[in-house]
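This report describes a sheet, the helices packed on it and a few charged pairs. The sequence and structure come first.

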Amino acid sequence: MSVGEEDIGETARKLFAGPIEFLKSAPGLQYLPDPTVPEIAFAGRSNVGKSSLLNALTNRNKLARTSNTPGRTQELNFFDVGKPIVLRLVDMPGYGFAEAPKDMVKRWRFLINDYLRGRQVLKRALVLVDSRHGLKDVDRDVMAMLDAAAVSYHLVLTKGDKIKPSALVDVLEATRAEAAKHPAAHPTLFATSAETGEGIADLRTTVLESARI
């Protein structure tokens, strides 16, 4: 690791150990905060462990719980990182929930599509994938949406502690091979665990690096 990489890793650690606050929920584009700072968006299936990962990333136990309160499940949730603000994390509504009404799914797609296509300060997205299951068709739909919007994204495997290390390697390689077919997918993938902390420090560094692009 170079000195520069060490520096940004330590900067990222200190940043995410500092002030992080829930800003607002946005049910539509007209409610988005002013586009004044870089944004990193998090996407994933409804049961992928997105809240746990956000909490691990930010060294909090309950930060992402704010976005799980009734009425906010189909909204974009914004969190300010740093004081003064360095970047914003955007918690996008979970997708692929089988029991969701069709009109809710349609609203979700319009909201996400409009946000991805029109948000100039969106620097990168993180697409979370359950390591126990690998990529599903709903994940591929979101990847296609990001490709079409020309939004660069990383694939992030979650719950890496829930499967055997050899199985995790297999899922990682299969995911990497599929990512190579998508124009907006970044070649760097992450295997993480909110429980053990695996991959969290590297992900923090990448979030900060992406915000600086």
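## A buried charged pair

R88 is buried, with a relative accessible area of 7%. The model is a predicted one. R88 forms a salt bridge with D80, and their closest N and O atoms are 2.5 Å apart. D80 is also buried, at a relative accessible area of 12%. Both values fall in the buried class because that class covers residues under 20%.

## The sheet

Seven strands make an open sheet in the order β1-β3-β4-β2-β5-β6-β7, and their pairing is mixed. At the edges are β1 (20–26) and β7, each of which pairs on one side only.

Strand β5, residues 122–130, pairs with β6 in the parallel sense over six bridges. V127 has L155 in β6 as its bridge partner. Helix α5 packs on the sheet, where it touches β6 and β7, and its direction makes about 160 degrees with that of β6. Helix α6 (residues 200–211) lies across β2 (39–44), β4 (87–91), β5, β6 and β7. The angle between α6 and β5 is about 155 degrees.

## Helix α5

The buried residues of α5 are L168, V171, L172, T175, E178 and A179. Seen down the helix axis, these residues fall within an arc of 130 degrees and therefore line one face. They pack against α4 (137–149), β6 (153–158) and β7 (190–191). The face turned away from the buried side carries the exposed residues S166 and D170.

The structure holds 13 salt bridges. One of them joins E178 and R140, with the closest N and O atoms 2.4 Å apart. E178 belongs to helix α5 and R140 to helix α4, so the pair links parts of the chain 38 residues apart. E178 is buried, with a relative accessible area of 18%, whereas R140 is partly exposed at 28%.

K159 forms a salt bridge with D130, the closest N and O atoms being 3.7 Å apart. Because K159 lies in the loop between β6 and α5 and D130 lies in strand β5, this pair ties together parts 29 residues apart in sequence. D130 is buried, with a relative accessible area of 1%. Through salt bridges with shared partners, D130, R132 and K159 are joined into one network.

How values were computed:
Residues numbered from 1 in each chain as written. Predicted model: local features only at pLDDT ≥ 70, side-chain atom pairs only at ≥ 80, totals over all residues. Heavy atoms only, no water. Buried < 20%, exposed > 50% of the residue type's maximum accessible area, 1.4 Å probe, protein only. Helix = DSSP H or I, 4+ residues; strand = E, 2+ residues; numbered from the N terminus. Arc of directions from axis to C-beta. Contact = heavy atoms within 4.5 Å. Pairing = 2+ DSSP bridges. Axes fitted to C-alpha atoms, helices over the stretch in contact; angles between N-to-C directions. Salt bridge = Lys/Arg side-chain N within 4 Å of Asp/Glu carboxyl O.
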